[in-house]
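Hi everyone, thanks for coming. I'd like to walk you through one structure today, starting with the whole chain and then stopping at a few residues.

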Amino acid sequence: MNYAPLWCKSYGSFLEGASSPEELVETAAALKLGGLAITDRDGFYGIVPAHMKAQELKFPLVVGAQLSIGNDRLVVLAENHEGYRNICRIITHARLHAPKGEIHLELSAVCQRSEGVLALYHSGLNLDLLREAFANRLYVMNPRHQLPHEQAPKHKDLPRVAVHEVLYHHRQRRPLQDVLTCIRHKVTLASAGRLIQPNAEHDLHTPEHFARLFHDCPEDVARSLEIVQRCQFSMAQLRYVYPAEHLAPGTTVQGRLEELSWAGAHRRYPEGITADINSLLHKELKIIAQLNYGGYFLTLHDLVEFCKRENILCQGRGSAANSVVCFCLGITAVDPTKVDLLFERFLSLERAEPPDIDLDIAHQDREKVIQYLYKIYGRHKAAMVANLIRYRPRSAMRDVGKALGLDVLTVERLTNVMSTYQTTPVERLQEVGLNPDLPLHRHWMNLTNEILGFPRHLGIHPGGFLLGHEPVSDLVPIENARMADRTVIQWDKRDIEALGLFKVDLLALGALSLIQRCFDLLKQPRDMYAVTRRDDPKTWDMLERAETIGTFQVESRAQMTMLARLRPRTFYDLVIQISIVRPGPISGGMVHPYLRRRNGEEEISYPHPCLEPILRKTLGVPLFQEQVIKLAMVAADYTGGEADQLRRDMGAWKSSSKLDSHRERIITAMMKKGIPQEFAERVFEQIRGFGEYGFPESHAASFALIAYVTCWMKCNHPAEFVCSLLNSQPMGFYSPLTIIQDAKRSKVQFLPIDIAVSEWDCTMEQGAVRMGLRYVKSLNEMAGRRIVARRRTPYATMEEMARRADLDRNDLNCLARAGALNSLGKSRRAQLWAAAAMTTAARDCPWLDAEPSPDLPELSPTQSIWWDCKYSAHSLQGHPLSTFRAQLRAMGLPTAEQVREARHGIRLSYAGLVICRQHPDTAKGFTFFTMEDETGLVNVVVKPQLFMDQNIIARTAGLLGVTGKLECHDNVIHLIAETFFQPDVAPDLPHLPSRDFH
């Protein structure tokens, strides 16, 4: 006898279900069950991936949820579309009346919205209310888990249904489910008691096992199939309508869009609209009208106009940069006709899916735009998209270790040497002195790897909005976010895309904040394209020299290395520069052929004449996502729809199986056209690389504009640029210490933090950068702003400043340690003593005599620099290694400048501060270090075996010595590490943070 599990929780029931929705559906289909209901706790978190898998397998899926009503629970299933809407409304109401992550739900609220809903009752709730509300849609659950205390329900007048609580697809997941329970309740496995399940009877049973379990009531088993037949609602029935615009009487959405587009075209092309542009505009507007997407474009136009009115920098990117309409509306800044971008990558009739437009907004002003969007659409028709916070190796190791009862020091010792993204081999235990053969440790590692990718809690998308013509809560439940005045839906970006819903992305971009601040310092209008010149030779010279610390997109070690090889001189060169240092071109083996052809070392050729139009502008080598899609259409005879499916499969999260289904067809079709097999295979490897992180040309073009502006500012206005950059931290790859050292090499002058003159932010003072109070570590911002606001007359003493600015002892300690009180005339140690002596009573009663300060020694130059770095993240007195240079020189260790001047092939040793460690997936196990001293940076390449052999020192050392061979090619210098050592110059130095494995 077959059955259908009707009480199943996926890992969408955060830290309860121990299987993914897809695993549950796949296993149910493999067992040939009669259907499956996904009933995650208090939400529809896992229903979309379950729906997509059920559609793929043509398997009956029931949509439902387990509702928490006080300490009791009720399983509800959607019988029809109205039932689905009602469940959404029930959950939304209960979630919005509770803090984030909680639910306050009354039974009466469920009964008021019972139409179209089936309820499975167990115990504890008011049965009379349920009977009245649900009538013949109420069932009583008959749960069996082979426990001695389980009894059949006694309500004989209600239809019974056989159920068991499914928490995982296979009983091998039981240990993981136990650990998840411990994490959720914040207990250890040893102390969990009855919180964990007593047996493993929570997997998907075979029909035979389920029939044996309910051998005495086969009618209850049959009723589970009856319920599946009753529940005819499918997620495919959701019908989404984009919200209508508020337009003047007699005006249509499409008419208004066309009016704005043509007006914008005349502004964008003041010398006249060419025939090509005219044709493109007509074509795009026609497609938009046929797809009825006009409202979406008007929304984006309205947001851009709001930003202009509020003097906020913004720029659209993504595939929107392929559109002339977006360019004319002012949404994007890239003219697609000049960069030869493909509109069909953005929008097509065949694809008929929502367009992808990301609106980047200056970071500090994005909240204004978000609240404006809430205002014009209302809270009921606008909510932010979720972001599932998933387990990565370090977080998984910590939580699993705590649940297993391991001591905190053991857990932290191992997590400190783990990669952020990669799985954890058991052998890594030996590196920190742990026994990999100990069953507990091996169990810890196995569970850690098993939990990777599981959602831990619901976060919020950086700026994605779901807008609806009807209330959004009729589509998906809404709940409160942690941040005030934010609400979030229960689905993430992938769920939204899978269902074909429109998403408006309002993303914060720190580079725009940097540019905006720099224009303000220069007293220039906030128009980055009118102010800057793209033909500035000094800027291109700087890019060739790879002097790009602090700029946008081209500041990483890999980008600097490529800059020295590519030597860009035009805007399109910069588009390629931004795109080429990506997994797609790297894993596809396209980088070196492109560079050789660009440098004239290799003939430009095309594998087949049909590919020349596609590959001409990249010298016969595919570099962009759009080119790969065109290759599939032209060389492998993909239709537009098939090519779009390829694009989707390229972007499928952590899935290579979907891409593998294209491999044979692409390679075989190319070979039939005479394209060499080697080239076809390289193209497919590039497609696989795009599956991890592909970069469309349109995206690169949008970013190239911002990258050039930041480079132009750094080149032409270095002081204002670095002042703005320091006020925009944290952003980018480098610490304030590195940024300031780099700016000093460009002759930028700096002035120290001083409570007598410093503002909260860094400021310009007679051409020099005055450091702001924001760089006093741990100083409360409100306290810092009070110091500035109440400085009508100079502060004469610490006591006076504390009284006028209402500072506490912690504020004074922070200021003293950072050297911000030096203008008051005492040494830092004396200031700390004075701050400690200032009790609240003494500050309020100035007639009391303060305890006299002892004669404290001054800080040494080395101590001063390290205090600066520790307590204000920078030092204007010198680099932390500058005072040790004599010792390092005596040890035969050169400076970074001397390393750069050394000849190719020489073996040498070098010591510096590690400021960055990177371990890209495309690097075949190699790790890359960026090291720094007072003269600049050194790039170190670490082979896999060396990194494994000296893992502890390689991962944890702040001041590191490295011996190796110097490689100098194409203006690129790398030290190939052979061994690491710890320089014996300053064993007591504090550890400065580095940017590792991001």
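I'll begin with where the model comes from, then go to the overall picture, and then to single places.

This is a predicted model, so bear in mind that local features need pLDDT of at least 70, side-chain atom pairs count only at pLDDT 80 or more, and totals for chains, interfaces and linings use all residues. Residues are numbered from 1 along each chain as its sequence is written, and side-chain values use heavy atoms, with hydrogens and water left out.

Okay, the whole chain. There are 43 helices and 22 strands in it. When I say helix or strand, I mean DSSP runs numbered from the N terminus: H or I with at least four residues for helices, E with at least two for strands.

How does the radius of gyration of the chain sit against that of a compact globule? With 998 residues, such a globule would be near 30 Å, and the chain has 32 Å, which agrees. That radius is taken over C-alpha atoms, and the globule rule is 2.2 Å times the number of residues to the power 0.38. If you like boxes, the C-alpha atoms fill one of roughly 90 × 80 × 65 Å along the principal axes.

Now, what's inside? Buried residues make up 57% of the 998. Buried means under 20% relative accessible area, exposed means over 50%, and partly exposed is in between, using a 1.4 Å probe and protein chains only.

On to contacts, meaning heavy atoms within 4.5 Å. Take the contacts between residues at least 6 apart in sequence: 70% of them join residues at least 24 apart.

Helix α27, residues 625-635, is mostly covered, with eight of its 11 residues buried. Among them are V628, I629 and L631. Just after α27, D637 takes a positive phi of about 60°.

Next, some strands. L506 lies in β13, residues 503-509. Is L506 buried or exposed? Its relative accessible area is 0%, so L506 counts as buried. Leaving out residues up to four places away in sequence, L506 touches a list that includes L303, L359, I361 and F465. L506 and F465 are 41 residues apart in sequence, and their C-alpha atoms are 7.7 Å apart in space.

D492 is in strand β12, residues 487-492, and D492 is buried too, with a relative accessible area of 8%. What does its side chain have beside it? A polar atom of the D492 side chain lies 3.2 Å from the backbone nitrogen of R494, and for the backbone nitrogen of D495 the distance is 3.1 Å. Not counting residues up to four places away, D492 also touches V385, A386, N387, L388 and R390.

T963 is in strand β20, residues 959-969, and at 13% relative accessibility T963 counts as buried. The side chains of T963 and S909 are joined by a polar contact of 2.6 Å. A polar contact is a pair of N or O atoms within 3.5 Å; within protein, one must be able to donate a hydrogen and the other to accept it, and residues adjacent in sequence count only if both atoms are side-chain atoms.

Last stop: some backbone details. Phi of L15 is near 60°, a positive value in a residue other than glycine. L15 lies in the segment before α1 and is buried, at 8%. A873 has a positive phi as well, near 65°. A873 is in the loop between α39 and α40, and at 35% relative accessibility A873 counts as partly exposed. Finally, the peptide bond from Q729 to P730 is cis, with omega near 5°, and P730 is found in the loop between α32 and α33.

That's my tour, so over to you for questions.
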